[in-house]
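Hi everyone, thanks for coming. Let's look at the model together, starting with cavities and then moving on to the rings.

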Amino acid sequence: MVLLAPLSTAQADEDNVPWAHAIAMHGEPALGPDFKSLPYANPDAPEGGVLTLGVQGTFDSLNSFIVQGGWTSARGMKERTFGSNIFESLLARSYAEPFTLYAHLAERVRMPESRKWIEFELNPLARFSDGSPVTVDDVIFSLDLIRDKGRPPYSSWYGEIVDKEITGERSLKITFGDGDNRELPLLIAMAPIFSKTHTNAETFDKSTLTPIMGTGPYVFSKIEPGRRVIYRKNPDYWAKDLPIKAGFDNFDEIRIEYYRDETTLQEAFRKGLIDALQFGDPVRWETGFDFPAAKEGKVIKTIIPRETPANMRGIAFNTRRAVFADRSVREALSMLFDFEWVNRNIYFGLYKRTTGYWDNSVLSSVGRPAGDKERALLAPFPNAVTPEVMEGTWRPPVTDGSGRDRKVLRAALGILKNAGYTLKDGQLANESTNAPLAFEILTKNEDEEKLALAYARTLKLIGVEVQVRTVDPSQFEDRRIRRDFDMVFNTWYSSLSPGAEQYGRWSSAAANAEGSFNIVGAHSPAIDAMIDAIVGARTEEDFTAAVRAFDRILISGAYAVPLFHVSDDWVGRWNRVVPPKVNSLYGVEFDTWWSADAAVN
């Protein structure tokens, strides 16, 4: 008789993981299995009507998951603010929590504490828009397709899967290498699911205006390249009665109109061609409502609080360019953005200066000396963080608001002299090569151009020659994708649960990867190590320490000129559309709004 060795306690625990209705990155899900709706959705919202939204820019693709066309794809297919109208995932995210996922295409999930694997059981109701069922084969096909033909970071995430085991008619177990990437199972759970039958795998990586079939609440009704895309609600949407969708997808039709410039977009809103518009410019927010409909109360200024870190908006340095290879040069140039003058003279004093990448949150390093855990993480990289940033005392320079503060000008000039530049005949030049310190700032609209010109005026005071070049949005995106720029405006979106997406934004592997979001070309072992620490953190304390250490490295690296932010979403809306009274942690969510006319009818 052969005696089998007893399973270890750890192995037994791995085999007996219970099924659940939700999983969280840290801690436990806030809602139990019997929840009725997400907190920021109104389950009694009326259905019907049309929502028209406007964006500046263009589109030439209906596939946002690939390199070719991914940056210029149509809005609204799968995104938070405009809704996941076409593509859905196995689990759905609640934006009332930092990072928690609830059952959706998969009706239940299980994952061990080690996070070496995750198992899903599909909802038997799950259907594509043509009524065909979602199968395990569709899930495997989707993961393999984006692994092989998707753009970073999706391709790298799904490339970490080492095994896919079909464990039942509707269940699939996905295994990873070692479980060190604690976020990876959640990222896999958010993968878009395509129909194997109706998706052309051979041409998937080619930009296309042919719709790809999804499982979402809407289907494409009309596509006019570069001008508009119209989504029509699917009356047979499979998940319309699920709690996770209660209060969502209330409009019969969603129209997204594209405008070439911000002025035209604003004018369309004033004329009533757009139902709601998010504002980012205080000038337009303060002065843009002086028209009859606003005075009559038909247009309402709505402030929606955000309880998340402020997004880091800045003017990014392309460190692939020799002129920006020296960190001290970037530091000196960053000092010369006169926020006080800009805020007072252009923006009515409504902005706050941005200092780091997680401002206004517990994850920010600003104002906090590094703790023991941070110092241990940073110890192998002694030059990665400047002393002031390590001690939490660093701040961007505060000027006298004159636009020519001599104290700041002298300090920046001193740093540049130490970096090998000298002033000759009013122009700053490299002492060794005599090459002038000169570069171009690429902009795509009037607001960016206005800021760039103000910045260029200050730089000229110390002999730095700057050319501001404004191009149309499609050319802007093309040049940004090809890294054909010196400096460019960029926004690094922040959350309470940063994780593996940071590889695509900052890692050495992404520095020269086609289609990645590593705009600045950062290539640093210290950055790579901190991202590893973030995604591998097992406790909230370790996670917070890793993010703060990462924040310190990015600030010290001077990869961008930090600009400014507000802590709320500013939305102008016509009174024919209505937002819910409760907001998500992340601010505006248009897919929870409804039609006032539908409420009356």
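What volume does the second largest cavity have? About 60 Å³. A cavity here is a set of points, on a 1 Å grid over the protein atoms alone, where a 1.4 Å probe fits but cannot get out; its volume is the space filled by probe spheres set on the points, which are joined across faces, edges and corners.

A quick word on the source: this is a predicted model, where local features need pLDDT of at least 70 and side-chain atom pairs count only at pLDDT 80 or more, while totals for chains, interfaces and linings use all residues. Residues are numbered from 1 along each chain as its sequence is written, and side-chain values use heavy atoms, with hydrogens and water left out.

Back to our cavity: its lining residues (an atom within 4 Å of a point) include Tyr40, Ile304, Glu589 and Trp593.

Now the rings. The structure holds 35 aromatic pairs, meaning rings of Phe, Tyr and Trp (its six-membered ring) with centres within 6.5 Å; planes under 30 degrees apart are stacked, over 60 edge-to-face, and the rest tilted. Phe324 and Phe439 make an edge-to-face pair, 5.1 Å centre to centre with 65° between the planes. Buried or exposed, what is Phe324? Phe324 is buried, because its relative accessibility is 0%, and buried means under 20% relative accessible area (1.4 Å probe, protein chains only), exposed over 50%, partly exposed in between. Phe439 is buried too, at 5%.

Phe337 and Tyr455 are also edge-to-face, at 6.0 Å and 70°. Phe337 is buried at 1%, and Tyr455 is likewise buried at 1%.

Terms used
1 Å grid on protein atoms, 1.4 Å probe; cavity = no way out; pocket = protein on both sides within 12 Å on 5 of 7 lines; lining within 4 Å.
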